[in-house]
Amino acid sequence: MLTQERFRLALRLAEGSQWRKFETLSTVFLADEYPSLRPLAAQSEDGGLDAMLFLPEDDDSTAVQFSVRRDWASKIKETCARVKETTPSVRVVIYASNQEIGPAGSAIKKEMRVKHSLFVDIRDREWFV
């Protein structure tokens with residue numbers, strides 16, 4: 001049986017080369033809340049989008065970014081800038097990370113609201129555990 005502590009450790013130790021496994025894990029965890037989540041991720045040229053919510057109204061206002069990068073603040077900034085360029089209709093970016101972010105993410109969330117008019121919803125290691 002996988003204990004909470006072992007799962008937390010596995011998330012903490014995930015490396016960049018394991019990005020696809022982390023994206024699969026994240027998609028499963030988000031499926032209950034977002035049953036229409038559709039993965040789009042590719043190693044490159046995905047326009048900064050790892051997944052979108054499918055809605056019959058063709059509303060693409062929520063995007064998802066999965067990341068195992070340790071420099072999460074830089075990744076959030078890069079993602080938001082890229083999403084505003086490639087998909088300007090996006091208003092919400094769900095950022096799923098294996099990193100421990102917690103309250104440290106508050107400033108970047110505010111910065112992205114002001115700079116890009118994007119609401120960033122951070123799902124960090126503790127959210128998964």
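The predicted model holds 10 salt bridges, a salt bridge being a side-chain nitrogen of Lys or Arg within 4 Å of a carboxyl oxygen of Asp or Glu. Side chains of opposite charge can pair when their charged atoms come close. In one of these pairs, E5 is bridged to R8, with the closest N and O atoms 2.4 Å apart; the two residues stand 3 residues apart in helix α1 and are therefore separated by about one helical turn. R8 also forms a salt bridge with E126, for which the closest N and O atoms are 2.8 Å apart. Because R8 lies in helix α1 and E126 in helix α5, this pair ties together parts that are 118 residues apart in sequence. R8 is buried, with a relative accessible area of 18%, whereas E126 counts as partly exposed at 39% relative accessibility; here buried means under 20% relative accessible area, exposed over 50%, and partly exposed in between, with a 1.4 Å probe and protein chains only. A further salt bridge joins E78 to R69, the closest N and O atoms being 2.9 Å apart, and both residues are partly exposed, E78 at 43% relative accessibility and R69 at 27%. Through shared partners, salt bridges join E5, R8 and E126 into one network.

Residues are numbered from 1 along each chain as its sequence is written. Local features of this predicted model need pLDDT of at least 70 and side-chain atom pairs count only at pLDDT 80 or more, while totals for chains, interfaces and linings use all residues, and side-chain values use heavy atoms, with hydrogens and water left out.

The protein chain has 5 helices and 5 strands, arranged along the sequence in the pattern α-α-β-β-β-α-β-α-β-α; helices (H or I, at least four residues) and strands (E, at least two) are DSSP runs, numbered from the N terminus. Of the 129 residues in the protein chain, 43% are buried. Among contacts between residues at least 6 apart in sequence, 65% join residues at least 24 apart, where contact means heavy atoms within 4.5 Å. The accessible surface of the protein chain comes to about 7400 Å², of which 53% belongs to carbon and sulfur atoms; accessible areas come from the Shrake-Rupley method with a 1.4 Å probe, and for residues only the protein chains shown count as cover.

In helix α1, the residues F7, R8 and L11 are buried. Seen down the axis of α1, its buried residues fall within an arc of 100 degrees, so they line one face of the helix, the arc being that of the directions from the helix axis to the C-beta atoms. The buried residues of α1 pack against α2 and α5, and the face turned away from this buried side carries the exposed residues E5 and R6. Within helix α2, S26 is buried at 0% relative accessibility and touches F66, A96 and F128, when residues up to four places away in sequence are not counted.

A search of the whole structure finds 5 aromatic pairs, for which rings of Phe, Tyr and Trp (its six-membered ring) must have centres within 6.5 Å, planes under 30 degrees apart counting as stacked, over 60 as edge-to-face and the rest as tilted. F7 and F29 form a stacked pair, at 6.0 Å centre to centre and with 10 degrees between the planes. As F7 lies in helix α1 (residues 4–13) and F29 in helix α2 (residues 19–31), the pair ties together parts that are 22 residues apart in sequence. F7 is buried at 15% relative accessibility, while F29 is partly exposed at 32%. W127 and F128 form an edge-to-face pair, at 5.0 Å centre to centre and with 85 degrees between the planes; W127 is partly exposed at 31%, whereas F128 is buried at 4%. Ring pairs link F7, F22, F29, W127 and F128 into a cluster. W127, found in helix α5 (residues 125–128), also contributes with V28 and F29 to a nonpolar surface patch of about 270 Å². Patches are made of residues with over 30% relative accessible area and no salt bridge, like charges being joined within 9 Å and nonpolar side chains (Val, Leu, Ile, Met, Phe, Trp, Tyr) within 5 Å.
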